[in-house]
Amino acid sequence: MRSKIVAGNWKMNTLPAEGVELAKNIVAGKGSVCECVHFIVCPPYTHLSEVAKVLAGTGIALGAQNCAAGEKGAYTGEVSAAMIAALGCRYVILGHSERRQYYGETSATLNRKMEQAYAHDLVPIYCVGENLEEREAGKHFDVVKAQIEEVVFNLTPAQFARLIIAYEPVWAIGTGKTATAEQAQEIHAYIRKVLSAKFGAAAAETAILYGGSCKPSNAAELFAKEDVDGGLIGGAALKAEDFLAIGSNGFGK
């Protein structure tokens, strides 16, 4: 049985005190959601230590939004996998479309980041997805396949067993557009097929999250699809009520 996951990517939003308050509100309302849902929150680096204290013992996991490709050393401004793990993170988002687009992250970079994540016992939430131009050109399958083959295929079977995939239709992030549930299922099923070509039956156990403008109103329809195992939530993760409602609407109370 694959995990049912609702992960919140706060991106560059909230100040530390606001993040602590948001985390407290999520903890306070968690009881209204089915215990089957695994919640993960991924605040900015500046919040991790304090949010970790709020989440301790609640069953809600802490993740970071990124980590450095290096272990340590003269990398001014970078934050290593060892550092975020030491603060209580269990997860790290890698390969988010915004990192690829704005910061030029390549598969070569992401291979090094994945190596660091696993070296420090972090579970990567590895993001794949196409932009609008690629979708309209009918290249979305090729784009996603390449992003998987160039990074995920380098993992050992033991590493792969601890991986989460997040599919992001980049054209649906922050635009208000949403892939239909059918479109989401089609690409999620394709991702699982690509994974199974390399890792066999283990791909059936890999959680694949939908990451494009998921909200309380469409969570049930999306999560009902066979290969959609939850969501990587952006804007809706900044309101505790909406974040929790995605879990309850999508998976039950």
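The model is predicted: local features need pLDDT of at least 70, side-chain atom pairs count only at pLDDT 80 or more, and totals for chains, interfaces and linings use all residues. Residues are numbered from 1 along each chain as its sequence is written, and side-chain values use heavy atoms, with hydrogens and water left out. The largest nonpolar core has 69 residues, and the largest pocket has a volume of about 510 Å³.

**Nonpolar cores**

- A nonpolar core is a set of buried Ala, Val, Leu, Ile, Met, Phe, Trp, Tyr and Cys residues joined through side-chain atoms within 4.5 Å.
- Buried means under 20% relative accessible area, exposed means over 50%, and partly exposed lies in between (1.4 Å probe, protein chains only).
- In the largest core, of 69 residues, V152 and I191 have the most contacts inside it.
- The largest share of this core, 8 residues, comes from α9; helices (H or I, at least four residues) and strands (E, at least two) are DSSP runs, numbered from the N terminus.
- A second, separate core has 15 residues, including I93, C127, I164 and L209.
- Leaving aside residues up to four places away in sequence, V152 touches Y126, Q147, F160, L163, I165, L195 and F199; contact means heavy atoms within 4.5 Å.

**Aromatic pairs**

- The whole structure holds 7 aromatic pairs.
- F160 and F199 form a stacked pair, at 3.9 Å centre to centre with 5 degrees between the planes.
- F160 belongs to helix α8 (residues 157-160) and F199 to helix α9 (residues 181-199), so their pair ties together parts that are 39 residues apart in sequence.
- Rings of Phe, Tyr and Trp (its six-membered ring) pair if their centres lie within 6.5 Å; planes under 30 degrees apart count as stacked, over 60 as edge-to-face and the rest as tilted.
- Both F160 and F199 are buried, and together with F153 they form one aromatic cluster.

**Two buried residues**

- H188 lies in helix α9 and is buried, with a relative accessible area of 0%.
- Not counting residues up to four places away in sequence, H188 touches Y167, I208, L209, Y210, D227 and V228.
- V51 lies in helix α2 (residues 48-55) and is buried, with a relative accessible area of 0%.
- Under the same exclusion of residues up to four places away, V51 touches W10, G19, V20, A23, V41, P43 and L62.
- V51 and G63 are 12 residues apart along the chain, and 10 Å separates their C-alpha atoms.

**Pocket and cavity**

- On a 1 Å grid over the protein atoms alone, a cavity is a set of points where a 1.4 Å probe fits but cannot get out, and a pocket is an open set with protein on both sides within 12 Å along at least five of seven lines; lining residues have an atom within 4 Å of a point.
- Grid points are joined across faces, edges and corners, and a volume is the space filled by probe spheres set on the points.
- The largest pocket is lined by 17 residues, and K11, M12, Q65, R99 and Y103 lie nearest its centre.
- Helix α4 (residues 97-103) gives the largest share of that pocket's lining, 4 residues.
- The count is 1 cavity of 30 Å³ or more, and the largest cavity has a volume of about 30 Å³.
- K30, V33, C34, E35, V37 and F39 line the largest cavity.
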